[in-house]
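Reader: Got a minute for some salt bridges and a pocket? Here is the model.

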Amino acid sequence: MQTEKLYDQNAYLRSFTATVLSCEPIADPKKRADDAAYAVTLDRTAFFPEGGGQTADTGNLGNAVVCDVQEINGEIVHFVDVPLPVGEELAAELNWEIRFRKMQNHTGEHLISGIVHKQFGLDNVGFHLGTDGVTVDFNGVLSASELEFVEYIANRVVGLNVPVTVSYPSAEDCAAMDYRSKLDLKENIRIVTIEGWDVCACCAPHVTNTGAVGGIKILSAENWKGGIRVRMLCGLDARDDYQKRLAQTVRISNLLSCKQLETADAVERLMKQSQSEREETAKLRRALLDSKIAALLETDGNLVVFEDLLDPNNLRHLVNAGVERCGGVCAAFQGNDKDGYRYIIGSKNIRLRAWAKEFNGALNGRGGGSEEMIQGTVNAKAEDICAYLADQVNLQ
């Protein structure tokens with residue numbers, strides 16, 4: 001017995017009753033990402049199975065949670081978490097909020113694709129409607145201004161509240177129709193028409209008027225396989241996305257003490273100021289490095305330096321300079337007694353790779369490197385570090 005598709009008859013049907021035709025345990029439920037453990041078929045259903053780029057409906061069936069719905073070999077299979085009694089009539093309810101958002105997004109995508117096809121002659125060659133939004137792939141490139149035009153027209157059509165209808169024309173009628181389709185369909189073709197703007201073969205539920213789409217926003221576009229991939233949101237999903245972006249704008253404007261519509265200019269000024277300060281800091285660090293190098297003393301033993309103002313690159317330069325002035329190691333440290341120290345140690349006379357194990361063991365450290373230079377961290381006090389290196393006078 002073929003399941004009656006209630007979602008085809010009424011896309012707004014939220015609850016229904018149905019008789020359980022079969023209930024079988026899933027062979028390996030651990031392979032699934034959800035809690036489904038049983039596969040159920042019904043005499044009729046309002047749960048839309050995954051298809052046409054749209055994910056499946058979810059909800060409740062009796063005391064079971066409907067985790068997923070798939071059409072397998074022409075049969076609509078409901079994947080649920082607990083077994084259901086075969087032959088009994090059960091009440092079912094969709095997760096309507098999720099379904100309605102999908103209907104908004106899918107109808108909005110039809111409108112965008114129809115306008116792109118009508119105005120620019122490009123075809124929709126890929127579509128995905130998931131939990132993270134809608135992506136649409138077109139077989140050609142559109143500029144930012146062209147996409148803005150498409151979005152504007154689409155929202156005008158939303159405001160006109162144009163009817164969205166579903167029909168099942170005969171094969172002969174379909175042959176005479178001009179409609180969009182990504183598949184080579186031959187029979188049982190379901191046509192979704194947005195009056196005056198789009199005619200497309202599609203199996204998914206849609207809103208009945210464009211006004212219910214509630215608004216369309218193109219979020220981004222990127223080159224994709226010689227064409228373009230567009231990311232968009234509609235209706236309540238677009239509203240939620242706007243709220244998140246507005247919250248970020250408000251936060252940034254408060255942090256920068258500027259108006260919300262002036263945040264980009266304020267960030268640009270801050271970046272220029274930061275760049276200028278980085279350049280000035282680099283000059284000061286270079287001057288400090290030169291001063292530190294000039295202060296290094298010649299010694300047959302070890303040189304130990306504690307310096308927090310130099311960046312790691314300049315600290316390495318300091319160690320390289322110290323290596324030329326000592327017979328042992330030049331060791332530079334950054335940090336404090338409480339949190340520990342980062343170190344860079346160099347030598348031209350000592351094979352440091354083997355010595356690093358002894359050094360780290362003595363000062364509760366971790367690190368390593370080459371024979372000429374090692375780096376890492378130690379968890380020890382400055383006086384203990386100095387005392388240890390003072391005793392290491394015959395490292396060779």
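Reader: Which residue does glutamate 371 form a salt bridge with?
Author: Arginine 351, with the closest N and O atoms 3.4 Å apart. A salt bridge here is a side-chain nitrogen of Lys or Arg within 4 Å of a carboxyl oxygen of Asp or Glu. This is a predicted model, where local features need pLDDT of at least 70, side-chain atom pairs count only at pLDDT 80 or more, and totals for chains, interfaces and linings use all residues. Residues are numbered from 1 along each chain as its sequence is written, and side-chain values use heavy atoms, with hydrogens and water left out.

Reader: Where do glutamate 371 and arginine 351 lie?
Author: Glutamate 371 is in the loop between strand S19 (365-369) and strand S20 (373-378), and arginine 351 is in the loop between strand S18 (340-346) and helix H8 (352-362), so the pair ties together parts 20 residues apart in sequence. Helices (H or I, at least four residues) and strands (E, at least two) are DSSP runs, numbered from the N terminus.

Reader: Is arginine 351 buried or exposed?
Author: Exposed, at 61% relative accessible area. Glutamate 371 is partly exposed, at 21%. The cut-offs: buried is under 20% relative accessible area, exposed over 50%, partly exposed in between (1.4 Å probe, protein chains only).

Reader: How many salt bridges does the structure hold?
Author: 20. One of them joins the side chains of arginine 180 and aspartate 198, 2.7 Å from N to O. That pair links distant parts of the chain, 18 residues apart: arginine 180 is in the loop between helix H4 (171-176) and strand S12 (191-194), aspartate 198 in strand S13 (residues 198-201). Arginine 180 is buried at 10% relative accessibility, and aspartate 198 is buried at 5%.

Reader: What about arginine 245 and aspartate 241, where do they lie?
Author: Both are in helix H5 (residues 235-256), four residues apart, about one turn of the helix. Arginine 245 is partly exposed at 44%, while aspartate 241 is buried at 15%.

Reader: Which residues are linked in a network of salt bridges?
Author: Glu97, Arg101, Asp237, Arg239 and Asp240.

Reader: New topic. Which classes line the second largest pocket?
Author: Five nonpolar, six polar and 11 charged residues. Ala, Val, Leu, Ile, Met, Phe, Trp, Tyr, Cys and Pro count as nonpolar, Asp, Glu, Lys and Arg as charged, and the others, Gly among them, as polar.
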